[in-house]
Structures are given as C-alpha cells and as structure tokens.
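Hi,

Here's the structure I promised to pass on. Have a look at it, and then read my notes below.

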Amino acid sequence: MEHYHMNLTLKVWRQKNNKSKGKLETYQVSNISSEMSFLEMIDVLNEQLITEDKDPIAFDHDCREGICGMCSMYINGQAHGPWQQNTTCQLHMRAFKDGDTIVVEPWRSTAFPVVKDLVVDRSSFDRIIQAGGFISVNTGNAVDANALPIDKKDADDAFMAAACIGCGACVATCKNGSAMLFVGAKVSQLALLPQGEPERESRVLNMVAQMDKEGFGNCTNTYACEAECPKGISVANIARLNSEFLKAGLSTED
Amino acid sequence: MAMTGIFLILFLIVHAGINACIFLNDNGETFNQMAHFMSHNWILRFLEVGLFAGLILHIFQGLSLWSQNNKARPVQYHFSQPSKNSKWYSRSMGILGTLLLLFLIMHLSHFYVGTKMELYGGVHHDETLFEEMKEVFSNLWIVILYVVGVIALFWHLYHGFQSAFQTLGINHKRYTPLIKIIGIGYAVIICVLFALMPISMYLGCIK
C-alpha cells in the first residue's frame, strides 16, 4: 500500500465540562502519515497543543486494538468514521486524503452526557448490565467448559452477540438515540445459552426498564446501528430482544 | 406501532379490493353494490369503529415515539451522514405519516363525510358513490394530490411492512427475506391499484 503524508484541517468539538456549552474549534495538522491510526493523529495534535500551552483534546481510548470499546468519536458524520466494522482506534489515516477537512464530535445522546471534549459518560450502559446482564453460578471450582451440551448454532449466535464491546456507536448513530442493539446483544448472548435460563424473564424486563429510565430513544428499525457497529452485531438481536420482552411481559405475574 | 400497523395493512387490502371493482368497467354497478353492502351492514359498522380506533392509536403511538426520540438527543450533530447507514424512507416514517394524515383528511371529506351524512343525518344524495368518484376525479389538481398521497403511502408501507415483523420479534434467516419480498409486492400492488383509480377516471378510461 502506498505510503503518503497529508496536511489536514480538523474541526473538533471542545467542551470544558458537562455544564458548559461546547463548540467546534478548527486546528491544522501537517505531515500526518497515512499509516497512523486516527488516535495517533489526535496524539500529534495534542502534542502540538501542549507545546502551544493550550489544553489538549480529551478523548477516550484504552487498548487501541479495536477490542475494548473505549474509543468513541463521531468522525465526518459517522460513528467511528468512514470504515465499516471498525473502531476509531483502528481507523487509519489512509482513509483520508491530503487537504481533507475532518469534523470530530462526541457521541450525542441524553444518556451519554459529555464529560469533556470528546469524552462521554457511558455508565448508563453499565447500569443496564447491572439491571440484568448477569447469571447465577455456584461458587467453588469452575465447571468444566463442555459440561453443558449446547447446539452449535445457538453457541455461534451467542458468540456473535457477545462480540459487542459496548462502545455506544449504535446509540450515537441511531436517529432516535436508541440502545436497542446494545441491549439486544446483551440479552441475546444469555438468552441463547442454558446458563442464562434462570433469570431469563426478569433479565429482559429489568434491562429494558433500565434502558428506558436512562433516557434512550426507541427503535424504529432504520438499521443504521447494524451498519455502523464496529463488531457487526446483527439487528436479529433486536428482534430477539423484542420477542423475549413480549414473552416475558405476557407471562410475568408482577 | 407494529400491531396497529399490521391492522391498517389488512384494512388496505379490503379497501383496495373493493375499490378495484371500478376496473370491471360496468358503470360502477358492482362497486356501488359493494359500497352499499359495506355501509349498510352493522357488523361492518362496528368494525369501522375499530378501524378508527386503530388509526388513532397508530397516530398517537407515532407522536409518542417522536416526542420520546426527540428527547433522547437534545444536542444535534453539526455534521452527520445518515445516508451512509440507512435508507431515507426508514428515517422519514413520521413525515410520510403526517403527509398521509393530511391526505386522509382530504380523502375522508371527499368520500366519507357525505355517505355518513346520508346514513345518519338523513341528508339525501342522488349520486351514487361511483358518480361521486367520477366527479371528484375530474379535477386534475385533486388527481395529482391523490397520486402524491399514494406515493407517500408506498414508502410508508415499503418500510412499515417488514419493520412491523421485526418489532414483533420475527427476524429469521429463512422467513425474513420472504417477508421483505411480500412487503414490497404488497406496497407495489396496493399503491399501483390506488393510483390508477383517480388517473384512469380522470382520463375517462372507466365508463
């Protein structure tokens, strides 16, 4: 692949804290290598800002391998930027050309308040998990991995759902700010497996109730979430969430 | 939304089926008989109440979704490219629905209010429903408005049909592609039938 350098104009969302009103600031970066990742490019800009005695841009990142779900930028009008099934940290600068202008914004959702600049508080996802994304297990020695027979297809579907890294791109992308893909994946990975059976009904009801309480929007099946999900989580998980919710809702005595 | 949507989808089959009787070209005889049967049958009068209830519920569900979803993102993106990840009609159900509601107000004032006045208010009409249709559809602007209404209906159904099944929890490797094809076929057939009614009457193809 051809290696090249580029000069870019960046329009980055700057917001001091949760209370203040933010705005887009324009910055110039030069001599950016096409082999850098997007976050490395932001690192370069931050070094520049520090030498100019300015406040560096705050952004979330951790593994920088596309598996942790920490990075969360809305780049040029798309969650995690222009590449499909890809996180911001794995977006490389070869996705851009010399002279491009790139707009970078934080996830925008009532349930993801901005902490600073591009950092948003995604603890609403943690609270949804706490509401039901767990299973009961006996204490003592770990059970042998293959002690429970599980159908290959169910195991595959559960693993596909479990690939969700909880980054929030689905919420950021959805025009309604809905978290149904995230909750669908988390409910599915347990509903498909025998380990998830004991709390099956209460799980889906509690997780959906918490999701609504956090202020996420409703799913209107535009499927934008699936298209932007860095892990390619299928909207079939949303349908499974709907059917689990309907069944549990009809049979619950509470 | 999905349940009321499917209910209204079923109603449209009956509506389009009965109205398609005008294409028999028998001077509206079959159509008038069907219309008379529909308006003078108490079971159907009772179902009509259900139909309006379903429609109103569908509208209120839509409004409630709209208001909740607006609250979920109070600060909008400065730059967003939704066309990269979703179809315009899937994102425009509210606007399409509003267009349909405006269309419905016009449509009901043309063909519904009059027949009800006759039925309950004792106002006598000399015209049959078929003659009324001919009269209404002799105006080019009304024909154009009807066609625009049907186009809005087409995109609303195109997304709504398959979306209803997803909401009810049905997404299946084997059946979903079939549901999508049936949905497209349904939207095409219903909307072509509806659009042809004012057009063919205006052009004088229906005798």
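Let's start with a helix pair in chain B: the axes of α1 (residues 2-19) and α8 (residues 140-167) come within 9 Å and cross at roughly 140°. Axes here are lines fitted to C-alpha atoms, for helices over the stretch in contact, with angles from 0 to 180 degrees between N-to-C directions. α1(B) and α8(B) are therefore oblique to each other (under 35 degrees is roughly parallel, over 145 roughly antiparallel, 65 to 115 roughly perpendicular, and the rest oblique). On the α1(B) side, B:Ala2, B:Gly5, B:Ile6 and B:Ile9 make the contact, meeting B:Gly160, B:Phe161, B:Ala164 and B:Thr167 of α8(B) (contact means C-beta atoms, placed from the backbone, within 7 Å).

By the way, this is a predicted model: local features need pLDDT of at least 70, side-chain atom pairs count only at pLDDT 80 or more, and totals for chains, interfaces and linings use all residues. Residues are numbered from 1 along each chain as its sequence is written, while chains are lettered from A and ligands numbered from 1 in the order in which they are written.

Now chain A: five strands form an open, mixed sheet in the order β2-β1-β5-β3-β4. Helices (H or I, at least four residues) and strands (E, at least two) are DSSP runs, numbered from the N terminus, and strands pair if DSSP finds at least two bridges between them. At the edges sit β2 (23-33) and β4 (78-79) of chain A. Two bridges join β3(A) to β4(A), running antiparallel, and A:Ile75 faces A:Gln78 there.

Finally, the two chains touch through 33 residues from chain A and 28 residues from chain B.

Cheers
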